Amino acid sequence: MFSHLFIALLLSTTQINSEELQKLYTEDTEIDYSDLVVDVHGYKVPTRTAFRGWMLLNHAEDKVMKIGKQLRDAGITRSMPLHLILLQGTDWVMSNTTLFTLPNAKHLPNMIRTLTFIQTHIEPEIGVVIPVSGERTDLYNQQAGGALRSKHLEFCALDLVPASDISRPDLHKKLKTIHAKVGPKHNVGLGLYSGVRFHIDTCGYRSW
């Protein structure tokens, strides 16, 4: 597919006078797949460059800045990239859905609670975690096989993978210990999936 795209780009050599229209046929900076996607434990995670393109095309700059400010004002100051919190998931290619989405403002307190729990209780134990699914639309959630009442729909849940090479048994042991100790107090849902992927939300104490 990428070789075909490259050939198509090579064939785009039309010369026109309009400086604005020249942007259709030229590029200021050469980019490749690795500039847009990073492999994290087998998941294809989009970069900030990919997000920037989506944000500009959807005129979402002001909305994204507002969300970022609200998170900072609430004390969410660690380095988890905002665009990954807004990432629907990594199974987005050719699925007729958008890569990112913007949450309903009324659901923002849900994510603030979840992020606070992660930075207070999860990351001190297992290190930096990287979101691979955050806010979801009904359509994406359905296509991804999510639960009918998934907490991703309420901007309350994150599916995560550790940045480190922690083993699956060690990861699960630590997560179960955290969940048993402080999960009830913070209304935490913990899901353990294949590999080192796991789910955290703060919208109902339970585990699976």
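1. How many nonpolar, polar and charged residues does the lining of the largest cavity have, by class? In this predicted model, that lining has 4 nonpolar, 1 polar and 2 charged residues, and the residues concerned are Ile 76, Arg 78, Met 80, Leu 115, Ile 118, Gln 119 and Glu 123. The space that lies in the largest cavity comes to about 60 Å³, and a search of the whole structure finds 2 cavities of 30 Å³ or more.

2. The second largest cavity has a volume of about 40 Å³, and its lining is made up of Phe 117, Ile 122, Leu 175, Ile 178, His 179, Val 188, Leu 190 and Ile 200. The elements that give two or more residues to this lining are α6 and α8, with the largest share, 3 residues, coming from α8. By class, the lining of the second largest cavity has 7 nonpolar residues, 1 polar residue and no charged residues.

3. The two helices named in the previous point also deserve attention as a pair. The axes of α6 (residues 108–126) and α8 (residues 168–186) come within 10 Å and cross at roughly 155°; the two helices are therefore roughly antiparallel to each other. The crossing in which α6 passes α8 is right-handed.

4. On the α6 side, the contact between these helices is made by Phe 117, His 121, Ile 122, Glu 125 and Ile 126, while α8 brings Leu 171, Lys 174, Leu 175, Ile 178, Val 182 and His 186. By class, this contact of α6 with α8 has 7 nonpolar, 2 polar and 2 charged residues.

5. A separate matter is the second largest pocket, which has a volume of about 450 Å³ and is lined by 17 residues, of which Arg 48, Val 64, Pro 81, Leu 82 and His 83 lie nearest its centre. The elements that give two or more residues to the lining of this pocket are α3 (48–57), α4 (61–73) and α5 (82–85), and α4 gives the most, with 5 residues. By class, the lining of the second largest pocket has 10 nonpolar, 3 polar and 4 charged residues.

Key. Residues are numbered from 1 along each chain as its sequence is written. This is a predicted model: local features need pLDDT of at least 70, side-chain atom pairs count only at pLDDT 80 or more; totals for chains, interfaces and linings use all residues. Side-chain values use heavy atoms; hydrogens and water are left out. On a 1 Å grid over the protein atoms alone, a cavity is a set of points where a 1.4 Å probe fits but cannot get out, and a pocket is an open set with protein on both sides within 12 Å along at least five of seven lines; lining residues have an atom within 4 Å of a point. Grid points are joined across faces, edges and corners, and a volume is the space filled by probe spheres set on the points. Helices (H or I, at least four residues) and strands (E, at least two) are DSSP runs, numbered from the N terminus. Ala, Val, Leu, Ile, Met, Phe, Trp, Tyr, Cys and Pro count as nonpolar, Asp, Glu, Lys and Arg as charged, and the others, Gly among them, as polar. Axes are lines fitted to C-alpha atoms, for helices over the stretch in contact, and angles run from 0 to 180 degrees between N-to-C directions. Angles under 35 degrees count as roughly parallel, over 145 as roughly antiparallel, 65 to 115 as roughly perpendicular and the rest as oblique. A crossing is left-handed if the near helix is turned anticlockwise from the far one by less than a right angle, and right-handed if clockwise. Contact means heavy atoms within 4.5 Å.
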